[in-house]
Amino acid sequence: MEEEIFTVSWFITSVCNFNCGYCFISNNTSVKPLVCAHTLTDALRRTGKKWIIEITGGEPFMCPGFIEL
């Protein structure tokens, strides 16, 4: 029996230091990310299931812990 893999879409942050014309995220560096990478991955790990994390939102490199993720 194949193990089920779950998917979560994570709007990583609304923070961005760019101003791309095609993007709905404005150039805003004053808003902090809602959930840090470690909090999300720890919560998913505790479920004991396999996860695919789809990342969307602002500039991911402005989110604490993104590199480690």
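View 1. Cys16 is buried, with a relative accessible area of 9%, whereas Cys20 is partly exposed at 29%; here buried means under 20% relative accessible area, exposed means over 50%, and partly exposed lies in between, as found with a 1.4 Å probe on protein chains only.

**View 2. The largest nonpolar core.** A nonpolar core is a set of buried Ala, Val, Leu, Ile, Met, Phe, Trp, Tyr and Cys residues joined through side-chain atoms within 4.5 Å. The largest one here has 7 residues, namely Trp10, Ile12, Ala37, Leu40, Leu44, Cys63 and Phe66. Helix 1, residues 37–46, supplies the largest share of this core, with 3 residues; helices (H or I, at least four residues) and strands (E, at least two) are DSSP runs numbered from the N terminus. In soluble globular proteins, nonpolar side chains tend to be buried together.

**View 3. The surroundings of Leu44.** When neighbours within four places in sequence are left aside, Leu44 is in contact with Val8, Lys49, Trp51 and Ile53, where contact means heavy atoms within 4.5 Å. Leu44 is also one of the residues of the largest nonpolar core.

**View 4. The salt bridge between Glu3 and Lys50.** A salt bridge is a side-chain nitrogen of Lys or Arg within 4 Å of a carboxyl oxygen of Asp or Glu, and by this rule the count comes to 2. In the one formed by Glu3 and Lys50, the closest N and O atoms are 3.7 Å apart. Because Glu3 lies in the segment before strand 1 (5–11) and Lys50 in strand 2 (residues 50–56), the pair ties together parts that are 47 residues apart in sequence. Glu3 is partly exposed, at 45% relative accessibility, and Lys50 is partly exposed at 46%.

**View 5. The salt bridge between Arg45 and Asp42.** The side chains of Arg45 and Asp42 meet in a salt bridge with an N to O distance of 3.2 Å. Both residues lie in helix 1, 3 residues apart, which is about one turn of the helix. Arg45 is exposed, with a relative accessible area of 59%, while Asp42 is partly exposed at 34%.

**Notes on the views.** Residues are numbered from 1 along each chain as its sequence is written, and side-chain values use heavy atoms, with hydrogens and water left out. Since the model is predicted, local features need pLDDT of at least 70 and side-chain atom pairs count only at pLDDT 80 or more, whereas totals for chains, interfaces and linings use all residues.
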